[in-house]
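Work through the exercises below with the model open. Try each task before reading its solution.

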Amino acid sequence: MTDPTSRAYAEQLDATDALASYRGRFEIPDDSVIYLDGNSLGRLPAATADRVAQVVHGQWGDRLIRSWGEGWMDLPLQVGDRLGAALLGARPGETLVCDTVTVNAFKALHAALDLRPGRSTIVAHRGEFPTDRYVASEVARQRGGSVRWIGPMDPGATQVEPVSAGEVAGALNDDVGVVLLSVVDYRSAAIADVAGITRAAHAIGALVIWDCSHAAGSIPLDLPALDADLAIGCSYKYLNGGPGAPAWIWANETHHDEMRNPIPGWMGHSDVFAMGPEYSPAAGIRRFMTGTPSAVALAMVDCGVALLAEAGMGAVRAKGQQLTAYAVDLHGSWLEEYGVTLASPRDPERRGAHVTLAHPDSLALVQALSDRGVIPDFRHPDGIRLGLAPLTTRFTDVFDGLNALRTLLCALA
Ligand SMILES: Cc1ncc(COP(=O)(O)O)c(C=O)c1O
């Protein structure tokens, strides 16, 4: 079967998919829903409900306050270590699951500037996810510095080309303390030149914070091998941690002793229950804790991470590339003629696990698709974002979803 526009072709890809069985490890009450938004909210792992019941009934209900000493206190680091090892190439003690990406961006930016005294400029991208831009502006203001913006002047423009080392290098000078960028662009899925940008920043003495929200769980990362400094990301997308699940923060162990947390909460203290008059930071990554963590939410993140760890990021990446390549093929065969453009890199090596298609009527099209049981994402101003989470998305979902889009466009033409 060689015709990608026949459903039998997609069925054959599903039949030979090495990760096909993982779909059965998730709760999927309605198999007819074509879910193409696993990069906004990942599906619910089947193991999560039992694990939550165990934490709620067995630990909270039965063991009450004793549960903090019986494991809850260690969860942010333990789940962090499992997440870091499976997805970030992290060494033990480098990853902490806590807070939100927004809060972790704030902590990481201040910590990075503290590590580079005398420098107050932050380099960031105009097309970056809003929260990162807002936090970068505020941190710069608090420190009497500024943000040097790179990328297209039009903030609505989707950067389809990956951010290059040259683009960043052009904005660097010896006042720049830190660069904040996404590994995978939230709109186009373009993968930045992480190694080249990190090298360029280090060459002038600056640090880099990588936002891995769309990268962790979709592409393999090896942050220590890249000599990265700090990284942040969420757990509700490809990690299947659940709505509002805590985010994570990673720091290269070489920075641990000097790092400061700008929100010096009691949970990041070296002796949490000493209740001392002064703040003294815990050793290592734990100092990035702020307040009391959610034991239930941490257990949920653990269940999602366990599935990715078992599947292996090599296999996840291979399927992600295959799924997005199939979507790009079908776009060329079916959708281009209706004025739909590809707003993601064509080269599978340069894009993550989502594909964005652009069309002036995207908002109405996404609504019409949703009415037909096909759920992609609308991304301002004109993007239809197809999140193809490798553990749960079938090739037939790509076929059926894009076929539904084609039918809608055909009716409009
Ligand atoms: C790239 C990126 N950064 C940051 C965030 C914000 O995360 P949070 O809501 O956990 O602060 C998101 C959310 O989708 C994101 O995609």
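Contact means heavy atoms within 4.5 Å. This is a predicted model, where local features need pLDDT of at least 70, side-chain atom pairs count only at pLDDT 80 or more, and totals for chains, interfaces and linings use all residues. Residues are numbered from 1 along each chain as its sequence is written, and side-chain values use heavy atoms, with hydrogens and water left out.

**Exercise 1. Find which residues leucine 365 touches, not counting residues up to four places away in sequence.**

Step 1. Locate the residue. Leucine 365 sits in helix α11 (residues 362-371). Helices (H or I, at least four residues) and strands (E, at least two) are DSSP runs, numbered from the N terminus.

Step 2. Check its cover. Buried means under 20% relative accessible area, exposed over 50%, and partly exposed in between (1.4 Å probe, protein chains only). Leucine 365 has 4% relative accessibility, so it counts as buried.

Step 3. List the contacts. Leucine 365 touches His359, Ile384, Leu405, Leu408, Leu409 and Leu412.

Step 4. Proline 376 is eleven residues from leucine 365 along the chain, and their C-alpha atoms are separated by 9.9 Å.

**Exercise 2. Decide whether valine 79 and aspartate 397 are buried or exposed, and list their contacts beyond four places in sequence.**

Step 1. Take valine 79. It belongs to helix α4 (residues 75-88). Its relative accessibility is 1%, so valine 79 is buried.

Step 2. Its contacts are Val97, Leu298, Val301 and Asp302.

Step 3. Take aspartate 397. It lies in helix α12 (residues 395-412). At 3% relative accessibility, aspartate 397 is buried.

Step 4. Aspartate 397 is in contact with Arg23, Ile34, Leu36 and Thr392.

**Exercise 3. Name the buried residues of helix α8 (residues 194-203) and the elements they pack against.**

Step 1. Val194, Gly196, Ile197, Thr198, Ala200 and Ala201 are buried in α8.

Step 2. These residues pack against α7 (165-169), β5 and β6.

Step 3. Look past the helix. Glycine 205 follows α8, and its phi is positive, near 85°.

**Exercise 4. Describe the surroundings of the ligand.**

Step 1. The residues around it include Thr100, Phe129, Asp132, Ser182, Asp211, His214 and Tyr236.

Step 2. Pick out polar contacts. A polar contact is a pair of N or O atoms within 3.5 Å; within protein, one must be able to donate a hydrogen and the other to accept it, and residues adjacent in sequence count only if both atoms are side-chain atoms. A backbone N or O atom of valine 101 lies 3.1 Å from a ligand oxygen atom. A polar side-chain atom of threonine 102 is 2.5 Å from an oxygen atom of the ligand. For a polar side-chain atom of lysine 237, the distance to a ligand oxygen atom is 2.7 Å.

Step 3. Read the buried share. Taken alone the ligand exposes 400 Å², and the protein buries 85% of that. Accessible areas come from the Shrake-Rupley method with a 1.4 Å probe; for residues, only the protein chains shown count as cover.

**Exercise 5. Classify the ring pair of tyrosine 9 and tyrosine 326, then that of tryptophan 68 and tryptophan 72.**

Step 1. Set the rule. Rings of Phe, Tyr and Trp (its six-membered ring) pair if their centres lie within 6.5 Å; planes under 30 degrees apart count as stacked, over 60 as edge-to-face and the rest as tilted. The whole structure holds six aromatic pairs.

Step 2. The rings of tyrosine 9 and tyrosine 326 have centres 5.6 Å apart and planes at 35°, so the pair is tilted. Tyrosine 9 is in helix α1 (residues 7-15) and tyrosine 326 in helix α10 (residues 313-335), 317 residues apart.

Step 3. For tryptophan 68 and tryptophan 72 the centres are 5.1 Å apart and the planes at 85°, so this pair is edge-to-face.

Step 4. Look for a cluster. Ring pairs link Tyr9, Tyr326 and Phe395.

Terms used
Near = heavy atom within 4 Å.
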